[in-house]
Number of protein chains: 2
Amino acid sequence: MRPLYHPPLEEITIEGILYALSDPVRIRIFVQLANADCTRNCSAFLNVCDTPLPKSTLSQHFKILREAGLIRSERKGVELQNHSRCAELKDTFGPMISAIVQAYSQRMTISPPLR
Amino acid sequence: MRPLYHPPLEEITIEGILYALSDPVRIRIFVQLANADCTRNCSAFLNVCDTPLPKSTLSQHFKILREAGLIRSERKGVELQNHSRCAELKDTFGPMISAIVQAYSQRMTISPPLR
DNA sequence: CCAATAGTTCGGAAGTATAGAACTAATGGA
DNA sequence: TCCATTAGTTCTATACTTCCGAACTATTGG
């Protein structure tokens with residue numbers, strides 16, 4: 001099993017970030033991580049949408065968030081601890097990411113959970 | 001030929017916007033439209049990346065931007081006049097879109113044209 | 001050392017993107 | 001009026017992605 005890859009700042013692209021967040025499941029995961037500002041393991045998100053996700057699918061989603069540079073995942077025993085890289089990204093991308101998180105959080109509270 | 005579809009505000013989603021802007025060609029087109037704040041026809045962007053795009057591909061890209069709610073295209077004679085819907089979107093999405101445009105514009109000036 | 005748990009990888013089916021060719025639609029002359 | 005031209009769309013085949021079940025790896029606790 002290859003080790004988890006976390007791109008350095010200079011390898012992170014705007015396109016990659018936007019792509020990662022353009023999926024309804026991934027943006028939900030990321031916004032929850034960013035808002036909570038705590039670490040959560042992957043399977044905590046198995047029920048992120050109303051029909052439970054297969055774990056292979058969830059694993060792919062985390063990989064995409066990770067390789068876009070949005071989250072960091074560290075193995076802790078048998079689980080992965082995931083947390084957002086918001087703070088790091090602020091220097092390079094300014095208010096972009098927090099603006100996305102905020103816009104999404106706001107819509108969430110207006111329109112119901114979805115999907 | 002079916003008429004061009006422009007979604008009303010309440011049909012525009014964050015995921016759709018992020019997806020539309022996650023493509024290197026589309027984000028370049030959109031940022032240019034948003035920054036210039038003027039109308040440009042589609043073929044003005046044939047050379048938006050260093051190898052000229054086929055016009056069928058470009059047409060698809062414009063369709064995706066349009067149906068994501070990011071631009072408005074109006075037929076004017078034989079051409080389409082395209083302009084961004086930034087102003088309209090501000091009410092619903094706050095500073096999200098301008099933050100993306102700004103982040104991208106800034107990186108453009110740092111790293112060379114690309115792709 | 002075995003069983004259990006958490007996550008990854010593989011592979012095939014289903015969906016999406018790209019770009020050439022054929023098409024439509026509007027215009028500006030002869 | 002009709003033809004040529006220009007701008008953009010649609011069609012279609014091929015190539016690429018995504019999704020998810022099944023099989024795998026890795027860590028831990030008993």
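## Phosphate contacts of DNA strand C

A phosphate oxygen of DNA strand C has a backbone N or O atom of A:C42 at 2.9 Å. The model is predicted, and the distances reported here are computed from it.

Side chains also reach the phosphates of DNA strand C. An N or O atom in the side chain of A:S59 is 2.4 Å from a phosphate oxygen.

## The surrounding surface

DNA strand C has 21 residues around it, and those that come nearest are A:R2, A:S43, A:K55, A:S59 and B:Y19.

## Contributing elements

Three elements each supply at least two residues of the surface near DNA strand C: α3 (55-67) and β2 (79-84) of chain A, and α3 (55-67) of chain B. The largest share comes from α3(A), with 4 residues.

## Helix α1 of chain B

Helix α1 of chain B spans residues 14-21 and is mostly covered, with 6 of its 8 residues buried. These are B:I14, B:E15, B:I17, B:L18, B:A20 and B:L21. An α-helix has 3.6 residues a turn, so residues three or four places apart point the same way.

B:Y19 is among the residues that come nearest to DNA strand C. The buried set of α1(B) includes B:L18 and B:A20.

Key:
Residues numbered from 1 in each chain as written. Chains lettered and ligands numbered in written order. Predicted model: local features only at pLDDT ≥ 70, side-chain atom pairs only at ≥ 80, totals over all residues. Heavy atoms only, no water. Near = heavy atom within 4 Å. Polar contact = N/O pair within 3.5 Å; in protein donor to acceptor, adjacent residues only side chain to side chain. Buried < 20%, exposed > 50% of the residue type's maximum accessible area, 1.4 Å probe, protein only.
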